[in-house]
Amino acid sequence: MRETRTMPVPDGLDGMRVDAGLARLLGLSRTAVAAMAEDGSVQLDGVAAGKSDRLVGGAWLEVEFPEPRRELTIEAEAVEGLTILYADDDIVAVDKPVGVAAHPGVGWSGPTVVGGLAAAGYRISTSGAHERQGIVHRLDVGTSGVMMVAQSERAYTVLKRAFKERTIDKRYHALVQGHPDPSSGTIDAPIGRARGNDWKFAVTADGRPSVTHYDTVEAFQAASLLDIHLETGRTHQIRVHFSAIRHPCCGDLTYGADPRLAERLGLQRQWLHARALGFNHPADGRYLEITSEYPADLKNALDVLRNA
């Protein structure tokens, strides 16, 4: 259970940035407070506050602290199905299978990308938290596709900034139920934690700005294959946004997918695949695009629809 503290903002902190003011108030580092704000865990008068927002004396402050961290170890362990799409001295891009986490985490004892790379002899950047060293972005355990890890300290710094500044083109393919109208469009809806559920997210009035662009690639009787470009990168963003417009990812029972359609398509997880990453190389600036093919379960679902 995460600790929550509520209090009025002291008048002496009026006008200060959230990260600086709360670091002073709570005795934490600015980095720690910034991470909490990025996670949506800092609210002022019921509205999620960003790290650079300004405090207002007397405003009602609610802070949800992260669970106490325990040291996690990275086990070098070969990961079945984890393949290398591209590698050089600065970066390594992998094709992440479903059922593999990006890095170790509390409550996760399964395979990880960093563990698989360690077993394959790759040297990962030492930047970042111990269990997340080299990780510049993540994919959910239940999402397959292309994922990039930094090998050099230079690459880690440059790529973290690029993801933060949204200069990396992240493309996903998703099979969603029904036919979104319009067939190409943008979903602009804030995302926050679902009420009463620490691991599920929803479109909420006080959530963080979230923007998803999509185009229909192929339409079937019961579903549509979409090409998706993320302008922001919130947790479960694609799943939440398409669930909110009543076109959930096929097989995504957590976010309202039809279990009968999932069974017909042979899906045991959401049909969501990180298709491509386009970016400027952190060392020499040349543009690279790395793509990932659909795994067998996603291909099978498409074959079922095409042969219906």
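## Terms and overall form

Helices in this report are DSSP runs of H or I with at least four residues, strands are DSSP runs of E with at least two, and both are numbered from the N terminus. The structure described is a predicted model.

On this basis, seven helices and 15 strands make up the secondary structure of the protein chain. The chain has a radius of gyration of 20 Å, close to the 19 Å that the globule rule gives for 308 residues, so it is as compact as a globular protein of that length. Along the principal axes, its C-alpha atoms fill a box of roughly 65 × 45 × 35 Å.

Of the 308 residues, 48% count as buried. The protein chain exposes about 15200 Å², and carbon and sulfur atoms supply 48% of that area. Among contacts with a separation of 6 or more, 64% come from residues 24 or more positions apart.

An open sheet is formed by four strands in the order β1-β4-β2-β3, with antiparallel pairing. Its edge strands are β1 (4–8) and β3 (47–48), each of which pairs on one side only. Strand β2 (residues 42–44) runs antiparallel to β3, and two bridges join them. One of the residue pairs is L44 with V47, its bridge partner in β3.

Helix α1 (residues 18–26) lies across β1, β2 and β4 (60–64). The helix runs at about 80 degrees to β4.

## Strand β14 and its partners

Strand β14 (residues 272–280) is mostly covered, with seven of its nine residues buried. Strands of a sheet pair through backbone hydrogen bonds, either parallel or antiparallel. With strand β7 (residues 144–150), β14 pairs in the parallel sense over two bridges; here S144 has H273 of β14 as its bridge partner. Strand β8 (residues 169–177) runs antiparallel to β14 and is joined to it by six bridges. In this pairing, D169 stands opposite G278 in β14.

Strand β15 (residues 287–291) also pairs with β14, in the antiparallel sense and over five bridges. The bridge partner of F279 in β15 is L288, and A276 stands opposite T291. Together β14 and β15 form a hairpin with six residues between them. In the turn, G285 has a positive phi of about 80 degrees.

In a regular strand the side chains alternate between the two faces of the sheet. For β15, L288 and I290 make up a covered face, whereas Y287, E289 and T291 make up an uncovered one.

## Helix α5

Helix α5 (residues 237–244) is mostly covered, six of its eight residues being buried. The buried residues are Q237, I238, R239, V240, H241 and F242. Just after α5, R246 takes a positive phi of about 65 degrees.

In soluble globular proteins, nonpolar side chains tend to be buried together. The largest nonpolar core in this model has 44 residues, and within it I228 and I238 touch the most other members. Leaving aside residues up to four places away in sequence, I228 touches K170, R171, Y172, A174, T212, H213, Y214, I238 and F242. A second, separate core of 20 residues includes V9, L26, V42 and A59.

Y214, one of the residues that I228 touches, lies in strand β12 (residues 211–219). Y214 counts as buried because its relative accessible area is 5%, and the cut-off for buried is under 20%. With residues up to four places away in sequence again left out, Y214 touches P180, D181, P182, S183, S184, G185, T186, I187, L226, D227, I228 and F242. The C-alpha atoms of Y214 and H229 are separated by 6.2 Å, although the two residues are 15 residues apart along the chain.

Key: Residues numbered from 1 in each chain as written. Predicted model: local features only at pLDDT ≥ 70, side-chain atom pairs only at ≥ 80, totals over all residues. Heavy atoms only, no water. Buried < 20%, exposed > 50% of the residue type's maximum accessible area, 1.4 Å probe, protein only. Core = buried A, V, L, I, M, F, W, Y, C linked by side-chain atoms within 4.5 Å. Contact = heavy atoms within 4.5 Å. Pairing = 2+ DSSP bridges. Axes fitted to C-alpha atoms, helices over the stretch in contact; angles between N-to-C directions. Rg over C-alpha atoms; globule rule 2.2 N^0.38 Å. Areas by Shrake-Rupley, 256 points an atom, 1.4 Å probe, with all protein chains shown as cover.
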